[in-house]
Amino acid sequence: MTTTSNPTTTVRPFRPGDLSHLLPLNNAAVPAVNELSAEELLDLIGQSLVCLVAEIDEEPVGFLLSISDGADYGSANYRWLSEKVSNFSYTDRICVDETRRGLKIGEKLYNALFDKLKDTGRSFVCEVNSRPPNPGSLRFHQRLGFEEIGTADHGEKAVVFLRKDPLGAAE
């Protein structure tokens, strides 16, 4: 697809009016993320270290939700990471409108997260499904500098855990 102009994407913190846009983005991304009700998503946002929203023409087209270490979060993947890594920012979910793919929205969301948390010493961690497979997400995260630190098999789902060292760490 060739376009003559790329729309401008801005990234900003979550605002309460965003929920009605973010919920459909989240639920369209199943099985890469789990389906949520509005109340569940709002609860996750309330627990988050940061929730960033990407928008084009003032319309939310993607979001990234990150949870800090030490949170009271029941996710098996979060618990696995909590046992292995300290001082982290866990990307619980990153979702982008399917019609806006290819505009580097996910990369812009991550870059905003990296910038917001630079100089905190936090590692950036996440998991990507290996069953059902999500090779596009794995390539995306590897391109951003994430490296594999482990795997887990949850029966119906299996994941690979990824980590990116803190910004400003010895290179």
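This report describes the sheet, the helices packed on it and the nonpolar cores of a predicted model.

Seven strands make up an open sheet of mixed pairing, arranged in the order 1-2-3-4-5-7-6. Strand 1 (9-13) and strand 6 (147-153) each have a single partner strand and stand at the edges, so one side of each lacks a neighbour in the sheet. On average, neighbouring strands are turned by 25 degrees against each other, direction ignored. Within the sheet, strand 2 (residues 50-56) pairs with strand 3 (residues 59-68) in the antiparallel sense, over 7 bridges. A54 has G62 in strand 3 as its bridge partner.

**Helices on the sheet**

| Helix | Strands involved | Angle |
|---|---|---|
| Helix 1 (residues 19-28) | lies across strand 2, strand 3 and strand 4 (88-96) | about 75 degrees to strand 3 |
| Helix 5 (residues 135-143) | touches strand 5 (123-131) and strand 7 (158-164) | about 155 degrees with strand 5 |

**The nonpolar cores**

The largest nonpolar core has 28 residues, and L22, L41, I45, F63, L65, I67 and Y90 have the most contacts inside it. At least two residues of this core come from each of helix 1, helix 2 (38-47), strand 2, strand 3, helix 3 (76-84), strand 4 and strand 7. Helix 1 gives the most, with 4 residues. When neighbours within four places in sequence are left aside, L22 is in contact with F14, L41, V53, P60, G62 and F63. There is also a second, separate core of 22 residues, which includes V61, L109, F146 and L162.

Methods. Residues numbered from 1 in each chain as written. Predicted model: local features only at pLDDT ≥ 70, side-chain atom pairs only at ≥ 80, totals over all residues. Heavy atoms only, no water. Pairing = 2+ DSSP bridges. Axes fitted to C-alpha atoms, helices over the stretch in contact; angles between N-to-C directions. Contact = heavy atoms within 4.5 Å. Core = buried A, V, L, I, M, F, W, Y, C linked by side-chain atoms within 4.5 Å. Buried < 20%, exposed > 50% of the residue type's maximum accessible area, 1.4 Å probe, protein only.
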